[in-house]
Amino acid sequence: MLRTPSLTLLACATILLLPACSDDGGGTGASQGGSSSDGTSAGSTTAPGTDSDATTNPSTTSPTTDPTTTNSTTTDPTGASTGPAPFCGDGAVDAGEECDDGNDVDTDFCLNTCKKAVCGDSVVQAVVEECDDGNMDNTDACVDGCKNATCGDGFVGPGEGCDDGNMVDNDGCSNTCASASCGDGKVDAGEECDDGNMVDTDACLTTCKNAVCGDGKVQAGKETCDDGNMVDTDACVGMCVAAKCGDGFVQAGVEECDDANMVDNDVCSNACKMASCADKVKNGAETDVDCGGNTCAPCEIAKVCKVNADCQSDTCTNGKCASGLMLPACQDNMAVTATNVFMSVVSVKCAPCHTGVGQSGGLNMKDAATLKANTVGVASTNAAIPRVTASNLDNSFLIYKILGQQLKAPGGGGSSMPLGGSLTMAEQCTVINWVKFGAK
Ligand code: HEC
């Protein structure tokens, strides 16, 4: 051999595992398979530190080669041979040991502390345990029985909203262990519905309650409004319908009435306004426009009536207000003038109350001109019609007065004239002909 050992090592390192190198190396125990087969010689002659002794040849480990036992036997002060002291790992279950499998494998049934492996000892026992975190906390990743936490184990573990341990998907806890929540599309306990959307105008509210009238949400296609209350006098009535005239509900501040019919001229109009005596419409109990009935003032002559009380004249004839004036059978005389009336009637029968300084009833008729001026077309103090309306006896209060029928005149009152006296029929006819033929 020309090469030195150092050169040989260098060369072997360079040309790895070549057979030539192995053969030349010599002395390295690892490759000396042949020598280990000789059990007896190896045990007694090779260096004590080699592991192969203890494991491959148990019979030779006794007294002479084991460092521990060698010490105990040789250092015993008494010199008596007491045998090896028991220890954990000696393969024998000694006092105070639950087990002793003689190995240093901590994951088998017997721990290196010579206690039996149990769930909760913090050591994961191979095959038997999936985990062992040494605690009793079932909300962590390792739960009772030393199993890894999973959805369905009945324990709410990390990342789970719930875990009811069953395979019912639509109960309070889904099979994914996500917390049952409104909006997950499944009808869970406590939910009336769950359509999985955030739309509040469909049949299922975002609160997972069925849409109903009164929930404050307007359901498309079914409700025109929903104010969440049961008040029928506001803008949203009944079964969630927008208030409108004709629905039978009187909307406060908007409608005066609502009779839910399409009769415009009854007490409540189609515009939901109460009939009034000034709306220029014949409605309500009126017998004619804004008059008659028991609510409005009596009607003028010729207006429609039902009973006498509907008329100012207190005379309802054939459905029309007629004059109640009953005239004497006068002979027509178109030539009567104010002068004739003054000369033959007023100056004789009406003095002094309506002549001179007297102005009874606010009426002065001191001469023909004044008589005419203060009566024709002049409003009465004591009636709703003028004192005299030319060519219209029915509309002349003066005529009613001299015939003692003043109470039949529209709005008429007071006494018959002349007060305390009377006119002959001829005198009455003079006044009647004057008015009847133009009050000239
Ligand atoms: C004794 C007094 C007296 C005599 C006479 C008299 N009157 Fe009168 N007259 C009155 C008094 C008082 C009133 C007011 C009270 C009333 O209307 O009854 C009145 C009212 C009237 C009125 C109503 C006026 C109005 O505007 O309401 C007429 C019309 C009238 N008299 C016409 C006559 C005529 C026509 C005569 C004559 C034929 C006459 N009177 C005679 C006292 C008299």
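**View 1. Buried residues of helix H7.** In H7, the buried residues are Ala 338, Val 341, Phe 342, Val 345 and Val 346; buried means that 20 or more other C-beta atoms, placed from the backbone, lie within 10 Å of the residue's own. Seen down the axis of H7, these residues fall within an arc of 130 degrees, so they line one face of the helix; the arc is taken over the directions from the helix axis to the C-beta atoms. They pack against helix H8 (368-373) and helix H10 (425-436). Helices are DSSP runs (H or I, at least four residues) numbered from the N terminus. The model is predicted: local features need pLDDT of at least 70, side-chain atom pairs count only at pLDDT 80 or more, and totals for chains, interfaces and linings use all residues. Residues are numbered from 1 along each chain as its sequence is written.

**View 2. The largest nonpolar core.** This core, a set of buried Ala, Val, Leu, Ile, Met, Phe, Trp, Tyr and Cys residues joined through C-beta atoms within 7 Å, has 29 residues. Val 341, Val 346, Ile 399, Ile 402, Val 431, Trp 434 and Val 435 have the most contacts inside it. H7, H9 and H10 each give two or more residues to this core. Leaving out residues up to four places away in sequence, Ile 399 touches Leu 325, Leu 393, Val 431, Ile 432 and Val 435 (contact: C-beta atoms, placed from the backbone, within 7 Å).

**View 3. A second core.** A separate core of eight residues includes Cys 299, Ile 301, Cys 305 and Cys 311.

**View 4. The shell around the ligand.** Of the 26 residues around the ligand, Cys 350, Cys 353, Gly 361, Asn 382 and Gly 414 come nearest (near: C-beta atom, placed from the backbone, within 6 Å). Helix H7 (338-349) and helix H9 (397-402) each give two or more residues to the shell; H9 gives the most, with four residues.

Key
A residue is buried if 20 or more other C-beta atoms lie within 10 Å of its own, exposed if 12 or fewer, and partly exposed in between; C-beta atoms are placed from the backbone. Two residues are in contact if their C-beta atoms, placed from the backbone, lie within 7 Å.
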